[in-house]
Amino acid sequence: MSALREQDSASAAELARNRAQLLADAGLRFGASLDQELTYAAIATVALPGPGAWCIVDVIEPGGTLRRLDVVHPDDEKQSAARALIGRWTPAADDPIGVPAIARDRLPIVISERAETAVVAAARDPETLRVLRWLGSGALLVVPIIAHGSLLGAITFVGQPGARSYHPDEVAFAKALASRCAQALESARLYATARAALADADAARAQAESANETKTKFLNTMSHELRTPLNAIAGYAQLMELGIHGPVTEEQKTDLASIQRSQAHLLGLVNAVLNFAQLEAGYVVYAMAKIQLIDIVRDAASLVSPQMHAKNIGFSLERCDESLAVNADAAKVRQILLNLLNNAMKFTAPGGSITVVCTHDTRKDIANAASEDTRDLPREVTAARSARAVRVTDSGIGISPSDLEAIFNPFVQVNRRLTSSDSGVGLGLAISRDLARGMGGDLTVESRVGAGSTFTLTLPAA
Ligand code: ADP
């Protein structure tokens, strides 16, 4: 008696070992690839150990449709007949087996009574019925494939006619097998989703890049095509003005001056558009060097002061420490300052004032640190943190709070009515801020309507 018991427990231990091995193998096989179809193919090989048990594997595709992945039979001859059913024997929503059988409770079910009737009911045509009858059906065990609360499919195990029904141990083993399938399917689907998202992002980037390239090409071509005839207009107007083609009356001189002013205005606009297109396309190269701030400020000021004087605007250069040096591209700093000074002049009525101040300044993000005593810090740290600023303040019309950020956007102009006789296309500040940022600085504004504006250009200290 005790010898029999020992034999029983030895074979139970052997069975448990075999099942653990089978589960481990299945896990490895199912998860060997992240490709969804390869995972499907591996899952389609699931089988319960035991003679005659065959199975039907169904999955719910990501779109929600049911797909019969495979019918697996341990007998070679029957296996090829079973495989031939794939593609023809599709699962239906009212099947008594597969996903529909467990969709509601998502728990394994065992059908031992009238099991053959259930399989036969799932056959949709005489040929399928014939094959299914040949495969033979006994007790059924349907286990759901569930990952993270989502039902991904079901495996229907079919016993041989007349064989005993499923033991709870076998149900537990089938559940464990289905859980390995679920993990593999989930990983393959997550991978497919991630790959699709990556492909979408790549496509979107390529589209954006190509659109940007087309836009830049268009702007460059247009700017070139516009500049050539504009230069011709200026040249011929000058020839006429010089009297090369005969005497010019005073009225004609006035008209020629108008032509030249309009030509200069249009050329300015075309240049601004070209400049902006180049910045947008990232074509701008910065010749960074250590430069004395005062030199550029004086240079820009000398260019605009005659016009300021003519317009009766008070102009002063205040508190500009000669020693302040920045690391920047001199030509670009000059371009920004000229834009700020021209704007200040445009939006300030005669009798008003414009001042320029250069300071030891700090950028916003380092404002607190820079106000600390930095004597103990290494030189390169203090240098990296500090910045210099040029402030252009006018007593002009000011800018309303709602427009303060918008004016830095391309083609934005506010109070256009007041300034319609002035040049400008709304690109000056957009270009200036891009240039300032391109040099590691920034361009900001503070203003009150009616009380004037202050534009601050910050640049890294040299
Ligand atoms: P543009 O001067 O060619 O119109 P900008 O980009 O230089 O383009 O300026 C955009 C807009 O910002 C201007 O149209 C004007 O409405 C506003 N602006 C710029 N500078 C000043 C200023 N100093 N005072 C008041 N408004 C200004």
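## Buried sites, cysteines and the ligand shell

Ala 387 counts as buried because its relative accessibility is 0%, where buried means under 20% relative accessible area, exposed over 50% and partly exposed in between, with a 1.4 Å probe and protein chains only. Ala 387 lies in strand β10, residues 386-394; helices (H or I, at least four residues) and strands (E, at least two) are DSSP runs, numbered from the N terminus.

The model is predicted, so local features need pLDDT of at least 70 and side-chain atom pairs count only at pLDDT 80 or more, whereas totals for chains, interfaces and linings use all residues. Residues are numbered from 1 along each chain as its sequence is written, and side-chain values use heavy atoms, with hydrogens and water left out.

**Cysteines.** A disulfide is a covalent bond between the sulfur atoms of two cysteines. Taking a disulfide as a pair of cysteine sulfur atoms within 2.5 Å, a search of the whole structure finds 1. The partners are Cys 320 and Cys 358, with their sulfur atoms 1.9 Å apart. This pair links distant parts of the chain, 38 residues apart, with Cys 320 in the loop between β7 (314-318) and β8 (325-328) and Cys 358 in strand β9 (residues 353-362). The link of Cys 320 and Cys 358 is right-handed, with 55° about the S-S bond, and both Cys 320 and Cys 358 are buried.

Cys 55 counts as buried because its relative accessibility is 1%, and Cys 181 counts as buried at 0%.

**Ligand.** The ligand is surrounded by 20 residues, of which the closest are Asn 343, Lys 346, Gln 413, Val 414 and Leu 429; a residue is near a molecule if one of its heavy atoms lies within 4 Å of it.

| Residue | Polar protein atom | Distance to a ligand oxygen atom |
|---|---|---|
| Asn 343 | side chain | 2.8 Å |
| Gly 426 | backbone | 3.1 Å |
| Gly 428 | backbone | 3.2 Å |

The protein covers 98% of the 530 Å² of accessible area that the ligand has on its own, as computed by the Shrake-Rupley method with a 1.4 Å probe. Two or more residues of the shell around the ligand come from each of α10 (330-346), α14 (428-438) and β12 (452-460), and α10 gives the largest share, 4 residues.

**Asn 339.** Helix α10 also holds Asn 339, which counts as buried because its relative accessibility is 16%. The side chain of Asn 339 makes a polar contact with the side chain of Ser 432 at 2.9 Å; a polar contact is a pair of N or O atoms within 3.5 Å, where within protein one must be able to donate a hydrogen and the other to accept it, and residues adjacent in sequence count only if both atoms are side-chain atoms. Leaving aside neighbours within four places in sequence, Asn 339 is in contact (heavy atoms within 4.5 Å) with Gly 428, Leu 429 and Ser 432.
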